Amino acid sequence: MRTRIRRDDVEAYVMIAPFFAFFTLFVMVPIIVNFVNSFTNYDLGRTRDFIGFRNYVRLFTDGDFLRSVLNTLVYAAFSVIPLMVLGFIAAVSVYGVSRVLYMARALYIFPYVTSMVAVSMIWLYMYEPTTGIFNKILVFLGFKPLTWLFDEGLALPCLIIMNIWKNIGYVMIIYLAGLAGIPESLYEAGKVDGASRFAMLFKITVPLVSPISFFIFVTTCIESFKTFEQVRIMTGGGPINSTTTIVHQIYMRAFGEYKMGYASAMSIVLLIIIFGITLLNMRLGEEREGKSW
Amino acid sequence: METRLEMKKVREGIVNGIKIKFANRLMSILMLKKILSASLATIMILAILASLVVFSSCSIISGSNDKDEVTLNLLRLGNDMPEAEYWKSLIKEFESKNPGIKINYDDAAIGEPMETKLNTLFAGGAGPDIIGHGIISVANRVEAGHYQPITDYFSKWEGKDDIMESVLANGTYKGEVYGLAYSTTPFVFAYRKDMFKEAGLDPEKPPKTWDELRDYARLLTVKEEDRITRAGFAFPMAAGNFVEFDVFVFGNGGRFVDDNGMPTINTPEKAEAFEFLKSFIDEVNIPYNSNEVNPFIKGNAAMTLINNVALRPMLEDPDLKDKVAIAVPPYNKIKATFSGCNMLFMGSGCKYRDEAWKFMEFALTKEQVLERSKSLNIPITRKSLVEEFAKLDPYNSVRAECVEVGIGMPRTTWSPRFQTLRNEMVQKVLYSKLSIEEALNEAQNKLMEEIGQ
């Protein structure tokens, strides 16, 4: 029996080995190397001196980095909640069995499966002040045209709106999976008790998809903190750093200015932020589950 | 009783049957697991072997000598098709004339893609033997140990006295020659002749001074109520690299670096350039960023400052024949413009220096310089070809003049940081976020702090 277990163990290890090999090589090792680099002034060349916490201290006085943290937080806050609400509404509205609903689902999914680079280019043209469709609509409706991505106050909201539009399909598909898992008998019981559709939505559907909501909250939060492509393509972080994000700053410092040590410190801070948010979410999730179940 | 016994036998038979089936299923699952495990283990071993092969091939990437053939790797800045085709044909010609040398060609898009690719190659110990890169790379990559000096080869080169001084200076650092220019990309002043005629301006007389530029821009701007539908003068407002601002600074006699290699951002020349731009740009401009197409290319602007190469498709468009012209940018004190410069460098890991130099020498012969001008409209880099170049295209004399008065990025280790800070500074002034004086001082102080660190 003991031999049997050992053989099973070996088989199990072999089965999970490819994942761990990949995870170690491409996630753990880079994180460790990055952590070490964050205490150096590594510049991709010959310089790699240990400078202690100087990079970390400097981060707290670096206006560009602090602005990027603020922008990232705003971006995440104004992306995640609307995404969850609109994604849920989309899922509820296309849940069911019919060709029209399948087509509607596909329409929601299209932006999500399209590359962010392609989407960014398309929205860049739509936001264009002279020939863009948004200004044409505004002028047609009798409003003054806007400069969208060239307006310091509008540029970040423009990126947030595009992000919501693009990722609504992802949230919808996850919620659809959650909706499919709710037993039909609960709705039948609700009907028998004379509950309205709204009552059933808020008393049955919403509480039962809460684990799904928690999953979506965590994943969209992490994704928001990793925002980069659309910033790089549509605004380059401007105007005047109004759209620069943490990852954009990391990229600029690392590949634009070769300051790998400093960029490594930034990425460690990002790692800590994401880890902290995930931990907080999990704690809250556990407490919530403990109370409701 | 018999019936009971029969029933018992039947039951036992069923149970045995189930047991056998279960055992068989278990066996088949175990077999499947074994097969799966074996497959995964094989895949892993193959993956490890494959990575070993890749790593071992990487280690010989930088220059290899297979029997009597030397292989060199070339990485060029820019991935535009016409230039890539040109380099491939040049390599073919070189290889046919030098049977023992093989050149592997590769390229990367301008900006971060090139930097990322090059950094990754050097970090992996597989830096290219020959690198085609710009001015901004010189100081940083020399200090990082990525380039090696070619002064010894240059001093014996037949073309050493023929190369334009301004062009040679771009590849020289701390008294050593590291790079030799194969192409220059000056910013030219482009304007629409047809729009000049419409506005009652002489299409053969583009603005020469700042005041003329402002007046012409106002005349050429088309508005629908408050909305500018055609820019009189297109100037970038966000993202990208604001070398267009440098053109005004240089034209006002300013520089960003002094003789000691220190930054000179907060000087009167820059303040005046800002004051000039602020005096009219909001009235005449359609904002754009460098990731977008310049409104001039889209036909939405009458004048702009633009990279000579980026303008080429427009000049070659038959529909725009005789409608687009170029000139030296308008200036205030000194005729000057920004000019990028791409050079050939020798990688620090290059083992076959003689062969690499042979290729560089071949790419810089008069014939090849002229060929690049003919096929790619690239301004020449050798003094003896000025006249011949001018005859090739009516605008070549303008291009040559722009190269001659062209000034590049500062060749310092702080150039990349300067670029970021300059871009921020220009935006802060154009968006009235800071006063001109505050923005200039802020950029200067930040850069000094960086250098101090």
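Let's start with Ala363(B). This residue counts as buried, because 20 C-beta neighbours fall inside 10 Å, and the cut-off for buried is 20 or more. Keep in mind that this is a predicted model. Ala363(B) belongs to helix H13 of chain B, which covers residues 353-363. Which residues does Ala363(B) touch, once its neighbours within four places in sequence are left aside? Leu90(B), Tyr182(B), Leu344(B) and Gln368(B). Take Leu344(B) from that list. Leu344(B) and Ala363(B) are 19 residues apart in sequence, and their C-alpha atoms are 9.0 Å apart.

Now chain B as a whole. It has 453 residues, and 44% of them are buried. The secondary structure comes to 18 helices and 14 strands. Look at the contacts in chain B with a separation of 6 or more: 74% of them join residues 24 or more positions apart.

One piece of chain B to pick out on screen. Strand E2, residues 69-77, runs parallel to strand E3, residues 101-108, and eight bridges join the two in chain B. Which residue in E3(B) is the bridge partner of Leu74(B)? That is Tyr105(B).

Still in chain B, go to Ser432(B). Ser432(B) is not a glycine, yet its phi is positive, about 55 degrees. You'll find Ser432(B) in the loop between helix H17 (415-430) and helix H18 (436-452) of chain B. Is Ser432(B) buried or exposed? Exposed, because it has 11 C-beta neighbours inside 10 Å, and 12 or fewer counts as exposed.

But Trp148(A) is buried, because 22 other C-beta atoms lie within 10 Å.

Next, helix H8 of chain A, residues 184-192. How many of its nine residues are buried? Zero, so H8(A) lies largely in the open. Just after H8(A) comes Gly194(A), with a positive phi of about 80 degrees.

Now a helix pair in chain A. Helix H3 spans residues 63-94, and helix H12 spans residues 246-256. The axes of H3(A) and H12(A) come within 8 Å and cross at roughly 150 degrees. Therefore H3(A) is roughly antiparallel to H12(A), since angles over 145 degrees count that way. From H3(A), the residues involved are Asp64(A), Phe65(A), Ser68(A), Val69(A) and Thr72(A). They meet Ile246(A), His248(A) and Gln249(A) in H12(A). By class, this contact has three nonpolar, four polar and one charged residue.

Last, where the two chains touch. Here 31 residues of chain A are in contact with 37 residues of chain B. On the chain A side, helix H1 (2-37), helix H11 (229-235) and H12 each supply at least two residues. Which of the elements gives the most to that side? H1(A), with six residues. As for class, the side of chain A that touches chain B has 17 nonpolar, eight polar and six charged residues.

Technical notes: Residues are numbered from 1 along each chain as its sequence is written. Chains are lettered from A and ligands numbered from 1 in the order in which they are written. This is a predicted model: local features need pLDDT of at least 70, side-chain atom pairs count only at pLDDT 80 or more; totals for chains, interfaces and linings use all residues. Axes are lines fitted to C-alpha atoms, for helices over the stretch in contact, and angles run from 0 to 180 degrees between N-to-C directions. Helices (H or I, at least four residues) and strands (E, at least two) are DSSP runs, numbered from the N terminus. Angles under 35 degrees count as roughly parallel, over 145 as roughly antiparallel, 65 to 115 as roughly perpendicular and the rest as oblique. Two residues are in contact if their C-beta atoms, placed from the backbone, lie within 7 Å. Ala, Val, Leu, Ile, Met, Phe, Trp, Tyr, Cys and Pro count as nonpolar, Asp, Glu, Lys and Arg as charged, and the others, Gly among them, as polar. Two strands pair if DSSP finds at least two bridges between them.
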